[in-house]
Each structure stands twice: as C-alpha cells, then as structure tokens.
Amino acid sequence: MPLGYVINTSTATGYSTCNVKLCPGDSLLAVFSECIGDTYLRLLNSTGAAVVFNNDSCALFPEIVYAPPISGVCQNYLLRGCYDNATCGGIIHYTIDPAT
C-alpha cells in the first residue's frame, strides 16, 4: 500500500526540502499543486545530483516519478521545490509505493 505525504511550501524562499528514503523496488510519485512562483520540482541523490526533475509551470501541475535502481541499497534523497533562490509556494503531494 502506498504511503502518502504532504509538504506545504507556502512560505518558501529558495528551496523547500524534505528527506525521502527510497529502497530498491520502491516507487515515488510527487506532484506540485496549488502553487505560485517559479517552481522546480526535483529529487536529488546523496551526492546532490538531480536524478529526476520537472520545471513545468504551476498550471501543468508538475510531477516527477522515480524508482531507484534495483541493484543497490536504501538511500536518502532530497526533494526540492523552488527554482534557484526564487520564492514559491504551494503543496507537494508525494507517495512512496514500497517494494513488495
């Protein structure tokens, strides 16, 4: 059963961040809704590299989908919400469908 989470970024300047732990076989879906400003939804790995991103406008409800490599170990990823040092707001809804 997927696990659901919400991040409220209504007062964010720069990045709105959240640590997300993903294991091989997990699947992540994150969607930015009710947003304003210059959003940039991305998932960074432990080295800071973006493994997936979406820079669509708020009107398109930007979303990202990611499944970590099957070979590997559980890692912490960082979910970020605003572009550069811009101010943005909204709600990031995300679910993790754990490996079975």
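Reader: Which strand does β3 join, and how many bridges are there?
Author: In this predicted model, β3 (residues 17-22) runs antiparallel to strand β8 (residues 75-82), and six bridges join them; strands are DSSP runs of E with at least two residues, numbered from the N terminus, and two of them pair if DSSP finds at least two bridges between them.

Reader: And what is the bridge partner of K21 in β8?
Author: That partner is N76, while K21 itself belongs to the uncovered face of β3 together with T17 and N19. The covered face consists of C18, V20 and L22.

Reader: New topic: how many aromatic pairs are there?
Author: The count is two, where rings of Phe, Tyr and Trp (its six-membered ring) pair if their centres lie within 6.5 Å, with planes under 30 degrees apart called stacked, over 60 edge-to-face and the rest tilted. One of them is Y40 with F53, an edge-to-face pair at 5.8 Å centre to centre and 80° between the planes. This pair links distant parts of the chain, as Y40 lies in strand β5 (residues 39-44) and F53 in strand β6 (residues 50-54), 13 residues apart.

Reader: Is Y40 buried or exposed?
Author: Y40 counts as buried because its relative accessibility is 14%, whereas F53 is exposed at 52%; buried means under 20% relative accessible area, exposed over 50%, and partly exposed in between (1.4 Å probe, protein chains only).

Reader: What should I know about the numbering and the rules used?
Author: Residues are numbered from 1 along each chain as its sequence is written. Local features need pLDDT of at least 70, side-chain atom pairs count only at pLDDT 80 or more, totals for chains, interfaces and linings use all residues, and side-chain values use heavy atoms, without hydrogens and water.

Conventions: Helices (H or I, at least four residues) and strands (E, at least two) are DSSP runs, numbered from the N terminus.
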